[in-house]
Amino acid sequence: MLTRREFLTACRNLSIGLIGTPMLTTSLLKGFSQLAESSRPLVMFVQGQSCTGCTVSLTYGNEFEFLEFILKVIRLQVHPTLSFSQGERYLNLIDEMVEEGGYTLVMEGSIPAGMKEACYMGHSSMYEYLKPVARNAAAIVAAGTCASNGGIPASNQNVTGAISMPEYLKREGISVPCISLPGCPVHPDRLMGTVAAIVATGRLPELVEGRPRQYYGELIHNQCSRYQHFQQDQYVEKFADDQKSCLLKKGCRGPITYSDCPSRRWNGKVNVCIESNTPCIGCVHPDFPFHDDMYLAAESVPNIPWNRMREALTED
Ligand code: FSX
Ligand code: SF4
């Protein structure tokens, strides 16, 4: 017969191996729910230059329910969209957390390093405000493409000098461990699963180029449900007439984008971009939103030999 302590330890250990897979669902969350509230990690969200889409995405959930996450896995102390406090009270909450230290900071959005006044927090620019906030965190999660790579705010000549969280930490010489979860928006499983993994293990999961291998280890193209059509050179010509063939000639960036979207899916696993007949726009790719149109023109894609595909899909 397991003691309560042993049971909790087993739940944690089991989770280490299962985080991010379909098996970590309600049953294992129950293991976390037995944790005393005081042993759950303090989490603070900060938003820089973003559209708030990452938070909206998070609340939709997928494998994990957002409410379960904030009620059973973490102690959500500060969130710019969800907190009831406003103004000075809200800023005081952050100050108290910063003084205590040891929290997990989830950064959404990029940070303007050129035009610093483009984003303010209280009475200081986000760039200055973030220094103690980042320095006193135990771990940082860059949630979404803006925080991971600069994203849309850093595109089109980047007039505000928007930079990612990893770049900010580098410039400021802050050595707090940081994990990137690109996606415009961030996938809810990736954010909740990563934070839960940090809670369970006390360390970051295995990374590939700063991102969890489990979520970003394989090309979309290799797992795509339309791969057979690609192999047989069957391509969508008119969206209205064909909802099954490969979208390569509609500018699909699945062949250069590493993400588990095809198997993870979105919105309660209901769908994923390509199955809605929408080419992958490479929103998790480090170069997103690229330098050209979001969708490549059909005439720029035909008859490219496979070994030249990568250059062709990324060239300006
Ligand atoms: Fe960026 Fe996220 Fe795209 Fe928006 O926080 S990754 S623009 S969905 O909201 O930052
Ligand atoms: Fe799927 Fe796009 Fe690859 Fe075609 S090009 S198989 S639609 S990922």
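**In the lining of the largest pocket, the largest share comes from helix H3, which supplies four residues.** The model shown here is predicted, so to speak of local features a pLDDT of at least 70 is needed, side-chain atom pairs count only at pLDDT 80 or more, and totals for chains, interfaces and linings use all residues. Residues are numbered from 1 along each chain as its sequence is written, chains are lettered from A and ligands numbered from 1 in the order in which they are written, and side-chain values use heavy atoms, without hydrogens and water. Two or more lining residues come from each of helix H3 (53-60), helix H9 (188-201) and helix H13 (261-264), where a helix is a DSSP run of H or I with at least four residues and a strand a run of E with at least two. Sorted by class, the lining of this pocket has 19 nonpolar, nine polar and two charged residues; Ala, Val, Leu, Ile, Met, Phe, Trp, Tyr, Cys and Pro count as nonpolar, Asp, Glu, Lys and Arg as charged, and the others as polar.

**Ligand 1 has 13 residues around it, of which Cys-51, Gly-53, Cys-54, Cys-146 and Cys-184 come nearest.** A residue belongs to such a shell if one of its heavy atoms lies within 4 Å of the molecule. An oxygen atom of ligand 1 lies 2.9 Å from a backbone N or O atom of Gly-53, while a polar backbone atom of Thr-52 is 3.3 Å from a ligand oxygen and one of Cys-51 is 3.5 Å from a ligand oxygen. Two or more residues of this shell come from each of H3 and helix H7 (145-149). By class, the shell divides into five nonpolar, seven polar and one charged residues.

**Thr-52 has a phi near 70°, a positive value in a residue other than glycine.** Thr-52 is placed in the loop between strand S1 (42-47) and H3. Cys-184, which is among the residues that come nearest to ligand 1, is joined to Pro-185 by a cis peptide bond with omega of about 10°. Pro-185 itself is found in the loop between strand S9 (178-181) and H9.

**The space taken by ligand 2 is the largest cavity.** A cavity is a set of grid points where a 1.4 Å probe fits but cannot get out, and a residue lines a cavity or pocket if it has an atom within 4 Å of a point; a molecule sits there if more than half of its atoms lie within 2 Å of the grid points. Two cavities of 30 Å³ or more are found in the whole structure, and the largest has a volume (the space filled by probe spheres set on the points) of about 110 Å³. Its lining has 13 residues, with His-221, Cys-224, Cys-246, Leu-247 and Cys-252 the closest to the centre. Helix H11 (220-223) and H12 each supply at least two residues of this lining, which by class has ten nonpolar, two polar and one charged residues. The residues around ligand 2 include Arg-226, Tyr-227, Phe-230, Leu-248, Gly-254, Pro-255 and Ile-274, and this shell has nine nonpolar, two polar and one charged residues.

**Three aromatic pairs are found in a search of the whole structure.** In one of them, the ring centres of Tyr-227 and Phe-230 are 5.7 Å apart and the planes lie at 35°, so the pair is tilted; rings of Phe, Tyr and Trp (its six-membered ring) pair if their centres lie within 6.5 Å, and planes under 30 degrees apart count as stacked, over 60 as edge-to-face and the rest as tilted. Tyr-227 and Phe-230 are separated by about one helical turn, because they are three residues apart in helix H12 (residues 227-231).

**Phe-288 and Pro-289 are joined by a cis peptide bond, with omega of about 10°.** Pro-289 has its place in the loop between H13 and helix H14 (309-314).

Definitions and conventions
On a 1 Å grid over the protein atoms alone, a cavity is a set of points where a 1.4 Å probe fits but cannot get out, and a pocket is an open set with protein on both sides within 12 Å along at least five of seven lines; lining residues have an atom within 4 Å of a point. A polar contact is a pair of N or O atoms within 3.5 Å; within protein, one must be able to donate a hydrogen and the other to accept it, and residues adjacent in sequence count only if both atoms are side-chain atoms.
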